[in-house]
Structures are given as C-alpha cells and as structure tokens.
Amino acid sequence: SLVILYLLWFHRLALLLPGNAHGKNLPASLVQERISFHLIQISSFANQSWAKHQGSGWLDELQIHGWESESGTIIFLHTWSKGNFSNKEFAFLELLFREYFIGLTQQIQTHANPFEIQANAGCELHSPESPEGFFQAAFEGSDFLSFQNISWVPAPEGGSRAQKICDLLNRYEGIKEIVYNLTRNTCPRFLLGLLDAGKRELQRKVRLEAWLSSRPTVELGRLLLVCHVSGFYPKPIWVMWIRGEQEQVGTKQDDILPNADGTWYLQVLLDVAAEEASGLSCRVRHSSLGGHHTSVNLVLLAVIVPVILLIIPVLGRKK
C-alpha cells in the first residue's frame, strides 16, 4: 500500500542519514519564531501506463527544492539549499526518492481508475529545543491519515479504509520510532542548517514602495480604494486601511505576488461611499522600514524585528 511504501522509504532513510544531531547543538539565535521545512509530493495516476510525480521542498512559503522526475534528481533552487548536508547525503536521498517513486508507481498502477495522492511531511521549530514533526497523506484531495506524537491517526474523511491501515501500522513500534526520529531529529537538523547557510538571503531587507489609486465601482457613488505596496522583502507584511487609529473592517487583501527581482507585491482594497473616502489612510508594517522597535507582540516572524508604521493619507475626497 501507499503507506507501507512511505514507511519503507523512511526506514532506509534512517539507515543512511545521521538523525541523532539535535537542533540544540546549533545557535539558538537562528530560530526566533516558528518556522518549518516540509516536502510536498503530488502523484497522479491516469491509467496502468501513465503516472506523474511532482516533488518540492519548502522553507515556510519559500520553495528551495524541486524534483526532476525524468532524471530522478533534486533541483537546488538556491545556493544554500543543501543546508549543512553533504553531497553524499543528498546522493543517498536522490537514490531513495527514485526507488520510492518507482515502487509507488508499480504498486499503484495495478488500479485502473485515475486518481491522485498528496503527501506533506517535515518539521516545525518554535526554538532549537522544541521541534515538532508532521506527516500527512491525502487521497483525491481529502485527508487520509497523519502521524501524531508516536501514532498513526486516521482522518475522518478516510473512513474505514484509513482506520484499518492505521490499526495495522500502529502495531509496528520500530517503524513508528523511525518516523518519529526522522521528523523530530533529522529534519530539524537540516532545517537549522538551512537557516544558517541561507541567513544572508533570508535576513536581507528591501525597502518597500507604496502608493494609492482609486476607481469608481459598478455601484453609483462608491469608490474602490487600492493601496499598492511593492518591492518589499522579506514576504511577511501587514497592511490595513484605517481612519484615525480605527481599522476598517471592509479591508480586503489580494494574494502577495512575486516580482521578477525576488521581491513581493501586494494590493489591499477598500470599497467605500465616495463621501467617506476623506480621512482614510493605508497603514503598512514591514521590517524594511527600520529605525524603531515595536513591542514583541507585534513581531510576527523571525525575520521581522525592526518595525515602524508607514501611513499614506488619502488626499481629499475622490470625485
């Protein structure tokens, strides 16, 4: 089954990669807030002769690895994507991934109906001393099972099939220990190595630019106010339309989009009656605005330390 193949892969990985180096042996300054590393797999099976596997590695929302399915090799998207792992360790990983995908395809393609499998596995750090591992598998977009603490737990959506598989897997204490150690020890070690190797890029700050625009809506007498914020790095940012110090509950934020230079762009919108536009402002908080430090309660992620407020007034009533 899919789960058995995952466990065989984890078992071989445990034998090849050192997993006893805990994050506490690395500088605590590397972890200021919650951060994660995780692998995403999407496997699609159309019929008994066609299958496609996609894999990627992510540091929070930043993709740092890809998977070249034709050659069976890991793609390093940044110069620091290897963290503190050696070329030998990554060669082992590539071999394991190749064998895993081959074995998965051979097992799954006996089924005639097309379907898709998703998996997400990795670890999250709150501090070097408190890693949390996770493993989730989904079938056709619905949660199927997960690994919690030291046990396999079926998802409600998985029904009786997921329950039966979890009951079987939970009989094998050795396999559960392997999964636990890999997600709690090996993954955190790799994550901290990434933070150390990539700290120059991860800690860089690019000052943003902000401007306003407005346009009439389809409803007569109303305006759509748009706050544009562009060229900022890192990605975490807070933007809100306000009147005085009162946040406007109608504020809507679009997705944060990448610019070609690796920085980010965001639009934040507010639909208002034209006569109410006067006195509104767009307020932005971002680490690149430096100079002051706010209270710790406003520090959202490890890369946000200096934060000041940028207020852009809406000049006059829009007509």
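Is Lys-176 buried or exposed, and what is its relative accessible area?

Guide: Lys-176 is buried, with a relative accessible area of 5%; buried denotes under 20% relative accessible area, exposed over 50%, and partly exposed the range in between (1.4 Å probe, protein chains only). The model is predicted, so that local features need pLDDT of at least 70 and side-chain atom pairs count only at pLDDT 80 or more, while totals for chains, interfaces and linings use all residues. Residues are numbered from 1 along each chain as its sequence is written, and side-chain values use heavy atoms, leaving out hydrogens and water.

Lys-176 forms a salt bridge with Glu-173, their closest N and O atoms being 3.2 Å apart; the term requires a side-chain nitrogen of Lys or Arg within 4 Å of a carboxyl oxygen of Asp or Glu. Both residues lie in helix 4, three residues apart, which is about one turn of the helix. Helices (H or I, at least four residues) and strands (E, at least two) are DSSP runs numbered from the N terminus.

Cys-123 is joined to Cys-187, with an S to S distance of 2.1 Å. Because Cys-123 lies in strand 5 (residues 115-125) and Cys-187 in helix 4 (residues 173-197), this pair ties together parts 64 residues apart in sequence. Both Cys-123 and Cys-187 are buried. The torsion about their S-S bond is about -80°, so the disulfide is left-handed.

The whole structure contains two disulfides and six salt bridges. In the other part of this picture, Cys-227 is bonded to Cys-282 (S to S 2.0 Å). That pair links strand 10 (residues 222-232), which holds Cys-227, to strand 16 (residues 280-286), which holds Cys-282, across 55 residues. Cys-227 is buried at 0% relative accessibility, and Cys-282 is likewise buried at 0%.

Asp-271 belongs to strand 15 (residues 264-273), and the two partners are 49 residues apart. Asp-271 is partly exposed, with a relative accessible area of 38%, and Arg-222 is partly exposed at 26%.

Key
A disulfide is a pair of cysteine sulfur atoms within 2.5 Å.
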